[in-house]
Amino acid sequence: MIWNQEFETLPREALESLQLKRLQATVNRVYATVPFYKKKFDELGLKPAHIKSLKDMRLLPFTVKTDLRDNYPFGLFSVPMSSVVRVHASSGTTGKPIVVGYTRRDIDTWAELMARTLTAAGIHQGDIVHNAYGYGLFTGGLGAHYGAERVGASVVPISGGNTKRQIMILKDFGPTAITCTPSYALHLADVARDMGIDPSRDFKLRVGCFGAEAWSENMRHQIEKTFNIDAIDIFGLTEVIGPGVSSECLEAKNGLHVFEDHFIPEIIDPETGEPLPPGEKGELVFTSITKEAFPVIRYRTRDLTRLNPEQCVCGRTFLRMERITGRTDDMLIIRGVNVFPSQIESALLQIEGLEPHYQIIVDRKDNLDTIELLVEVNEKIFSDKVKKLEVIEKRVVHDIKEMFGVSCKCKLVEPKTIARSEGKAQRVIDKRKI
Amino acid sequence: MKAEQISVFLENKSGRLAEVMRVLGAAQINIRALSIADTSDFGILRIIVNDKDKALAVLKDNNFTVSKTDVIAVEVPDSPGGLSKILDLLDARKVNVEYMYAFIERHSENAVIIFRFDENDKAIEVLQKAGITILSSQEIYKR
C-alpha cells in the first residue's frame with residue numbers, strides 16, 4: 001500500500017528535478033538565515049548559485065553532530081522562534097542534547113512521512129495502533145502518533161514502560177498494529193508469557209513498525225514468530241526529522257525506501273568524505289530539502305549502510321537503504337537511547353577521586369539492553385566502610401539514569417583488573433547478539 | 001590511643017582472599033585479628049597485623065587497594081556482660097559503632113574488641129573516663 005501515490009512513485013527524472021529545485025531553495029534559505037551555514041559557505045567560497053545540479057551537492061560542506069551541539073540550543077534554527085511550534089531533542093554528547101525545531105508545516109510534513117511509513121507496513125484506517133515509543137522530547141512517540149492519526153487509525157498513546165499494563169491493554173483493546181523498539185517488542189512478549197498470555201494467539205496484532213535501534217534479520221524472524229505478525233524496519237533520526245526518513249515496505253521487506261522527495265541521501269567514504277558510487281557501503285549522509293525550522297545540509301549520520309537503486313516490487317521509485325550494519329564512531333544505542341562512552345566517562349569523572357579506569361559492558365537480558373559499569377577502586381575512593389563504597393555505586397547508577405534515562409548496574413572492581421591492551425583499555429564490551 | 005587497621009578491597013570473585021593471605025604469608029606478616037564486610041559485589045577485609053607498614057607495602061606492590069584506618073582496641077573481661085557494659089557507656093554519650101570484631105587474648109582472661117566509631121576521639125574520652133583499657137597496636141600483639 002502506498003500513501004502518496006504521486007510522490008512515492010515519481011519517475012526518477014521528475015524526482016531528481018524536484019530534488020534539485022528543493023535543494024536550491026534550502027541552500028538559499030540556510031545561507032540567508034543561519035549564520036553557521038553562511039560562515040561555512042563563505043569559508044569555502046561557495047555561493048548558493050553554485051549549486052546548479054544534484055552533482056554539485058559534493059561542493060556543500062558537511063555538518064556533524066558537534067556542529068549541532070556547538071549551536072545549542074536554537075542556533076541552527078532557520079526561522080524565528082515565533083514560527084516554531086514544537087521542539088524535540090536527542091541525547092547528545094556530554095549532557096547537552098541536540099535540539100531541533102519544527103514549524104507548523106514541518107509537523108505536517110512529518111505526519112505525512114509517518115503516514116507513508118505506516119501505510120508501507122499496511123496500516124490503515126480501521127487499525128488500532130499501540131504506540132509504545134516514548135512520548136516526550138524523543139521523536140519516536142509523537143512521530144508515530146501523528147502518522148497513525150494521519151492515516152486515520154485509532155491511536156493508543158501508551159508510550160514506554162509499565163509493561164504489565166501494556167500487556168493488559170494489548171489484550172483488552174485488541175490493537176492490530178504496534179510501534180516500538182524491536183527489543184521492547186520481545187520484552188513485551190516475555191512479560192506476556194510470564195502472565196500466562198500467549199503473544200502469538202492472545203493478541204490481535206497483524207503488523208509492527210520497529211526502529212530506533214539496530215536489529216537483525218534473525219530478530220525480525222523471532223518477532224514475527226513470537227507475535228505472529230509482519231515486522232517492518234523503520235528508520236529516522238532526530239537531526240533529520242525523527243522517524244519517517246525511510247521505511248521498508250510490506251511487499252518486499254528488503255531495504256528501507258528513503259523518502260527522497262524530502263531528504264537526499266548520500267553514501268560517502270568516512271575517511272575521505274568523497275561520495276561513493278551507488279551500491280557501495282559507506283557512511284550515510286542526509287540533506288533535508290523541505291524542512292523549514294531545522295534544515296540540515298549533508299549531515300553525517302555516522303551510520304554505515306549502502307543504497308540500492310534497483311526498482312522495488314512495491315512500485316516506489318525511491319532508493320532503498322540497507323539495514324544499518326554499524327557505525328563509524330563508538331556510539332552505543334541502548335534501548336533506543338544514543339549513548340557515547342565519553343558521556344559515561346564524564347559522568348564517572350564528576351565523582352571525586354574516581355579515575356577513568358572503567359569498562360562498559362552492554363548486554364541484552366530478557367530482550368532488554370543492560371549496562372553494567374565496572375569501575376576500578378583506587379585509594380582515593382576506597383574506605384574501610386561499606387557504606388561509603390555503596391554510596392559511590394549508587395551515585396554512578398543515579399547519574400547515568402539522570403543522563404540517559406537508562407538504568408545501569410555499577411560494580412566496583414580491584415585496580416588493574418580491567419584489561420588494558422597496549423596501554424589502552426578496552427572501554428566497551430558489547431555482548432548483545434543482535 | 002588508637003590502633004591501626006589495614007583495610008583491603010576485595011572484588012567478589014574466587015581466590016581473592018587467598019591471594020591476600022599468600023602475599024602476607026610470603027612477607028612473614030602475622031595477622032592478629034580480622035573481619036570481612038561483604039556485599040553482593042565486593043568485600044572489605046580488615047586486619048590487624050604485626051607489621052602494618054610492611055603489610056601495606058607488599059599489598060600495594062601486588063596491586064591491591066589498601067587503606068590504613070584508626071580503630072580503637074578495647075580490653076574487656078571475657079565474661080558475660082563484658083561487651084554490654086562498654087556499649088552502654090558509649091550509647092549514653094550517643095557514640096555510634098560503625099563496625100567491630102573481637103578476639104580472645106592468649107595470655108589472660110580478657111577479650112580484645114576492635115571498634116570503629118563514628119567519633120573515635122569522643123569514644124576514647126568516654127572509655128578512658130570509665131577506666132576501660134585501650135590498647136595500642138604494639139600492645140595488641142603482646143597480649
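This is a predicted model: local features need pLDDT of at least 70, side-chain atom pairs count only at pLDDT 80 or more; totals for chains, interfaces and linings use all residues.

Reader: OK. How many residues of chain A are in contact with chain B?

Author: Chain A puts 20 residues in contact with 24 residues of chain B, where contact means heavy atoms within 4.5 Å.

Reader: And what area is buried between chain A and chain B?

Author: About 1,900 Å², with carbon and sulfur atoms giving 54% of that area. Buried area is the accessible area (1.4 Å probe) that two parts lose on being put together, summed over both. On the chain A side, Phe382(A), Asp384(A) and Glu414(A) lose the most, together 38% of what that side buries.

Reader: How many salt bridges are there between chain A and chain B?

Author: Five. The rule asks for a side-chain nitrogen of Lys or Arg within 4 Å of a carboxyl oxygen of Asp or Glu. One salt bridge is between Arg116(B) and Asp384(A), at 2.7 Å from N to O.

Reader: Which elements of chain A give two or more residues to the side that touches chain B?

Author: α11 (386–404) and β20 (408–413) of chain A do. α11(A) gives the most, with five residues. Helices (H or I, at least four residues) and strands (E, at least two) are DSSP runs, numbered from the N terminus.

Reader: Switching to sheets. What is the order of the four strands in the open sheet of chain A?

Author: The order is β10-β11-β12-β15 in chain A, with antiparallel pairing. Two strands pair if DSSP finds at least two bridges between them. β10 (263–268) and β15 (326–327) of chain A are at the edges with a single partner strand each, so one side of each has no neighbour in the sheet.

Reader: How many bridges join β11 to β12 in chain A?

Author: Four bridges join β11 (residues 282–288) to β12 (residues 299–305) of chain A. Phe286(A) has Tyr299(A), in β12(A), as its bridge partner.

Reader: And the sheet of nine strands?

Author: That one is open too, with mixed pairing, in the order β4-β3-β5-β6-β7-β8-β9-β14-β13 of chain A. Its edge strands are β4 (154–156) and β13 (307–308) of chain A, each pairing on one side only. β3 (residues 128–131) of chain A pairs with β4(A) in the parallel sense over three bridges, and His130(A) has Val156(A) as its bridge partner in β4(A).

Reader: Now chain B. Which domains does the assignment give?

Author: Domain 1 (3–69) and domain 2 (71–142) of chain B, with bounds from an automatic or database domain assignment. Their C-alpha centres lie 22 Å apart.

Reader: What area is buried between domain 1 and domain 2 of chain B?

Author: About 1,300 Å², of which carbon and sulfur atoms give 55%. In domain 1 of chain B, Ala3(B), Arg32(B) and Ile48(B) lose the most area to domain 2 of chain B, together 51% of what that side buries.

Key: Residues are numbered from 1 along each chain as its sequence is written. Chains are lettered from A and ligands numbered from 1 in the order in which they are written. Side-chain values use heavy atoms; hydrogens and water are left out.
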